[in-house]
Amino acid sequence: MRAEGIATVRRILCVFPRYTSSFGTFEYAYPLTDGVQAFMPPQGLLLIAAYLPANWPVRFIDENIRPATAEDFQWAEVVLVSGMHIQRQQMNDICRRAHAFDLAVAIGGPSVSACPDYYPAFDYLHVGELGDATDELIARLARDPARPAQQVLLKTAERVAMTEFPIPAYELAEVKKYFLGSIQYSSGCPYQCEFCDIPGLYGRNPRLKSPQQIVAELDRLLECGVTGSVYFVDDNFIGNRKAALDLLPHLVEWQKKTGYVMRLACEATLNIAKRPEILEKMREAFFVTIFCGIETPDPDALKAMQKDHNMMVPILEGVRTINSYGMEVVSGIIMGLDTDKPETGDALLAFVDESRIPLLTINLLQALPQTPLWDRLARANRLIDDDSRDSNVDFLLPYDQVVNSWKKCMEVAFAPERLYARYQHQVDYTYANRLKVPVTPEQKSWANIRRGLIMLRNIFWKIGVLGDYRKVFWKFALPRLRHGDIEGLISVAMIAHHLIMFARLASVGHHNASNYSIRLREASVPAE
Ligand code: SF4
């Protein structure tokens with residue numbers, strides 16, 4: 001579905017802001033690839049681009065790939081921007097640059113929907129999801145593309161059903177320059193973890209696309225050149241378990257038909273481990289990774305943050321169960337909780353060793369607006385607005401103690417020997433359980449072989465020859481090479497390199513201790 005009945009033509013420039021450096025965007029892996037420059041195509045902005053009237057020319061610029069130029073701004077009549085809190089400074093910077101060309105600028109997406117007052121300079125604020133506010137914005141721009149005299153706030157009251165969503169305009173993005181492909185099946189989550197803004201923003205009753213839409217989107221992604229890994233960005237893939245079970249047979253069929261060209265990944269709550277019928281179908285659909293917000297191995301802390309659903313199975317048992325279906329667990333971890341004690345860091349490192357999870361995003365607690373956590377801390381006068389800090393939370397333990405504990409955890413957890421030992425465990429006990437998929441013509445194509453050779457050359461040279469952890473690398477790599485597992489070697493080496501490099505810098509204070517924190521020293525860095 002698209003906005004219809006608009007005769008006027010407007011030229012729209014969609015600009016996606018640059019990310020601040022973050023653990024979860026894998027930027028240290030990019031130099032090992034054959035030209036990757038950004039993490040994932042942004043769903044929201046590409047969805048809006050697809051929803052605009054069919055006769056409106058749209059240019060899409062991801063500033064993680066290249067900056068919007070003077071020529072782009074001169075071409076446009078209106079600029080659309082979208083992003084998360086972490087991109088706030090960059091979004092305001094895009095607005096400033098667009099205004100230099102006297103263009104009207106509209107902002108939508110999760111950050112402005114939660115905090116409209118973060119964006120005082122924008123001409124239009126689009127709060128909420130695709131819906132009547134979007135239609136109103138399009139109608140106003142059609143009538144008059146000039147900057148309005150004062151800021152206009154448009155709030156979605158009636159949302160467009162996800163079954164009516166158009167396929168995001170993937171064709172506008174340079175998909176081959178992304179580390180992962182992205183796709184969305186559902187929105188919202190039935191749980192209410194204290195720190196999370198998803199239920200407040202998108203509701204507790206997940207909204208869904210149809211399986212047929214997802215199959216059509218996968219076809220489109222493939223046509224656009226996406227192969228490799230595709231990430232379901234749903235807040236919780238099993239937020240509606242029946243819907244997940246409805247979708248999975250379609251994914252299995254699609255993978256069989258296309259020769260398993262895509263490795264799938266998603267986010268889901270750890271209680272998925274109690275659902276063997278879902279896990280089995282996910283294995284058949286070639287899901288290889290699940291991101292689980294484990295948050296903490298401490299049961300008291302889970303209870304305090306209303307994440308009791310993580311205790312439906314013992315955590316380590318849950319991780320092993322998921323691994324037994326060939327899926328690697330990626331885990332979110334939070335430090336700085338009220339329940340943390342001086343020994344929390346050591347307990348966390350013990351958990352990392354026991355769980356054998358290679359990739360954990362370890363962040364300091366950050367209170368997001370419109371969450372129960374924010375409200376509780378505000379009542380207790382424990383929110384701190386100070387850009388020199390790594391978190392806006394006044395921790396119960398001393399701030400320096402919490403930050404130092406985080407730095408130590410990063411340093412130890414991602415020391416090359418420890419990290420590669422965890423990956424070796426995954427090779428033996430997780431990857432070994434994956435579906436054995438046929439070699440596709442696409443994999444045997446010269447373009448794919450060339451891509452693999454470029455990545456291998458980069459990995460061998462930059463890690464195997466020049467790298468200071470080359471001995472650890474070769475200990476892992478040589479058996480992989482003997483088994484002919486080139487793809488497995490490339491994917492582990494790239495991710496591991498990012499984790500090692502990021503953690504090294506983080507442990508000496510060069511990176512934020514919270515993916516959500518926005519520090520002014522990193523403000524407004526347009527893509528070079
Ligand atoms: S389960 Fe995940 S998405 Fe759902 S409320 Fe908790 S943290 Fe948010």
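Start with the shell around the ligand: by class, it has six nonpolar, two polar and two charged residues. To see the shell, select Cys189, Tyr191, Cys193, Phe195, Cys196, Pro199, Asp235, Thr269, Lys307 and His309, which surround the ligand; a residue is near a molecule if one of its heavy atoms lies within 4 Å of it.

A word on what you are viewing: this is a predicted model, in which local features need pLDDT of at least 70 and side-chain atom pairs count only at pLDDT 80 or more, while totals for chains, interfaces and linings use all residues. Residues are numbered from 1 along each chain as its sequence is written, and side-chain values use heavy atoms, with hydrogens and water left out.

Next come the salt bridges, each a side-chain nitrogen of Lys or Arg within 4 Å of a carboxyl oxygen of Asp or Glu. The count by this rule is 33.

Select Arg59 and Asp72, whose side chains form a salt bridge at 2.7 Å, N to O. Arg59 sits in strand S2 (residues 58-62) and Asp72 in helix H2 (residues 70-75), so this pair ties together parts that are 13 residues apart in sequence. Helices (H or I, at least four residues) and strands (E, at least two) are DSSP runs, numbered from the N terminus.

Move on to Arg207 and Glu129, a salt bridge whose closest N and O atoms are 2.9 Å apart. This pair links distant parts of the chain, 78 residues apart: Arg207 is in strand S9 (residues 207-208), and Glu129 is in the loop between strand S5 (124-127) and helix H5 (132-143). Arg207 is buried, at 13%, and Glu129 is buried, at 13%.

For the last stop, pick helix H7 (residues 211-223), where Arg220 and Glu223 lie three residues apart, about one turn of the helix. Their side chains meet in a salt bridge at 3.9 Å, N to O. Arg220 is partly exposed at 27%, and Glu223 is exposed at 63%.

Definitions and conventions. Buried means under 20% relative accessible area, exposed over 50%, partly exposed in between (1.4 Å probe, protein chains only). Ala, Val, Leu, Ile, Met, Phe, Trp, Tyr, Cys and Pro count as nonpolar, Asp, Glu, Lys and Arg as charged, and the others, Gly among them, as polar.
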